[in-house]
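Grab a pencil and work through these exercises with the model open beside you. Try each task before you read its solution.

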Amino acid sequence: MAAGRQFGLNTLRLVPVREGAPVSEQSPRNWSQYRTCAILNQDEACRTIVAANDAGERILIHEVSFSSGTPSAVRMRLEYETAQLASLSLDRMTLPLDFEFDDGNGRIVCPWTEGRTLADRMASTDLSVAETLSIADDVLGALSALHEQGLVRRCLRPDEIFIEESQGRLRAVIGGYGPLMMLQGLQNANQAKQIATYAAPEALGALEEDVRASADLYSLGIILFECLTGQTPFQAANAGDLVFHHMTSPVPDLTSINAQIPLPLNDIVLRLLQKHPRDRYQSAEGIRFDMCQVQVILEAEFPQCLVLGLSLIHI
């Protein structure tokens with residue numbers, strides 16, 4: 001198994017457990033090679049632990065539990081997507097390194113990613129337009145490759161996006177493990193509010209539409225809105241009220257909050273956040289094209305006019 005990216009323990013909240021305890025000794029596979037370091041989080045559906053292999057490399061193991069109430073379609077989809085993701089090679093998204101499913105449980109090994117999260121960065125300092133565009137480009141590149149395989153992330157969250165400085169540019173890596181959202185759903189109140197803040201209406205089950213690439217792009221729109229304005233478009237005390245806002249409340253104009261945002265970028269984010277999937281961008285590459293044009297305008301010596309959506313026109 002290939003070694004994954006290394007992640008910093010100091011950026012995470014960990015629950016100490018017995019140091020050096022084997023992950024499992026009940027599996028026919030050699031899971032005992034992994035030694036538990038700490039529990040990262042735990043709910044009824046999944047326990048995520050930080051572990052180390054025999055070489056001392058840190059990894060994450062998601063231990064999932066299938067109850068009698070778990071729909072068979074959810075289980076089959078989780079197993080299918082895990083197998084598909086494990087076969088991919090993406091530079092800007094963490095993917096499974098190993099996995100196993102049996103009758104009632106599953107284990108998914110993922111890289112341990114090092115770096116500061118986007119949530120931490122936004123909490124400490126404002127992001128510039130150029131930094132936001134750079135982060136968006138990396139995330140869109142990863143989503144484009146994912147969507148080409150017929151897969152979706154379902155929800156992007158700032159606490160699962162890791163950022164780093166590289167050659168004077170802010171780079172981003174999508175961490176976490178998206179398919180777990182199918183199993184965990186909205187069981188945990190704190191997690192439910194996080195998911196409801198950043199997920200598209202159809203991903204939350206509030207809109208009877210298939211969850212496709214446009215759901216991921218809506219979620220990215222929420223993050224870009226926050227990067228540019230310092231706040232999410234909708235705030236509420238609980239997940240239910242947030243879902244209501246996603247379905248009914250108009251998205252504020254970004255320039256009304258931050259007048260320094262270029263109008264074309266404002267229009268891109270507003271298009272990403274359309275209520276119905278058909279009214280949004282339909283591909284990550286379409287957004288990347290328009291954002292590249294925004295970058296050209298920002299670097300131009302003289303003012304220029306930009307027409308959005310030209311990449312969608314086929315001659």
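**Exercise 1: two loop residues**

Gln 167 sits in the loop between strand 8 and strand 9 (169–174); helices (H or I, at least four residues) and strands (E, at least two) are DSSP runs, numbered from the N terminus. This is a predicted model, in which local features need pLDDT of at least 70 and side-chain atom pairs count only at pLDDT 80 or more, while totals for chains, interfaces and linings use all residues. Residues are numbered from 1 along each chain as its sequence is written, and side-chain values use heavy atoms, with hydrogens and water left out.

*Solution.* 
- Step 1. Start with the background: most residues other than glycine have a negative phi.
- Step 2. You'll find Arg 154 in the loop between helix 3 and strand 8 (161–166).
- Step 3. Now use the accessibility cut-offs: buried is under 20% relative accessible area, exposed is over 50%, and partly exposed is in between (1.4 Å probe, protein chains only).

**Exercise 2: helix 3 and its two partners**

*Task.* How do helix 3 and helix 6 pack, and how do helix 3 and helix 9 pack?

*Solution.* 
- Step 1. Axes are lines fitted to C-alpha atoms, for helices over the stretch in contact, and angles run from 0 to 180 degrees between N-to-C directions. For helix 3 (residues 129–148) and helix 6 (residues 213–229), the angle is about 165° and the axes are 11 Å apart.
- Step 2. Angles under 35 degrees count as roughly parallel, over 145 as roughly antiparallel, 65 to 115 as roughly perpendicular and the rest as oblique. That angle therefore makes helix 3 roughly antiparallel to helix 6.
- Step 3. For handedness, a crossing is left-handed if the near helix is turned anticlockwise from the far one by less than a right angle, and right-handed if clockwise. Helix 3 and helix 6 cross in the right-handed sense.
- Step 4. Look for contacts (heavy atoms within 4.5 Å). On the helix 3 side they include Ala 136, Leu 140 and Leu 143, and on the helix 6 side Leu 217, Leu 220 and Leu 224 are among them.
- Step 5. Sort by class: Ala, Val, Leu, Ile, Met, Phe, Trp, Tyr, Cys and Pro count as nonpolar, Asp, Glu, Lys and Arg as charged, and the others, Gly among them, as polar. The contact of helix 3 with helix 6 has 12 nonpolar, 2 polar and 1 charged residues.
- Step 6. Repeat for helix 9 (residues 284–299), which packs with helix 3 at about 160°, axes 9 Å apart. Helix 3 is therefore roughly antiparallel to helix 9.
- Step 7. The crossing of helix 3 and helix 9 is left-handed. Its residues divide into 10 nonpolar, 3 polar and 3 charged.

**Exercise 3: helix 6 meets helix 8**

*Task.* Which residues of helix 6 and helix 8 make the contact?

*Solution.* 
- Step 1. Helix 6 and helix 8 (residues 263–272) pack at about 140°, with axes 8 Å apart. Helix 6 is therefore oblique to helix 8.
- Step 2. The crossing of helix 6 and helix 8 is left-handed.
- Step 3. Helix 6 supplies Leu 217, Tyr 218, Gly 221, Leu 224, Phe 225 and Leu 228, and helix 8 supplies Leu 265, Val 269 and Leu 272.
- Step 4. By class, that contact of helix 6 with helix 8 has 8 nonpolar, 1 polar and no charged residues.

**Exercise 4: cysteines**

*Task.* How many disulfides are there?

*Solution.* 
- Step 1. A disulfide is a pair of cysteine sulfur atoms within 2.5 Å. By that rule, the count is 0.
- Step 2. Check Cys 46: its closest cysteine sulfur, in Cys 110, is 9.7 Å away, so it is too far for a bond.
- Step 3. Cys 46 is buried at 2% relative accessibility, and Cys 155 is buried at 6%.
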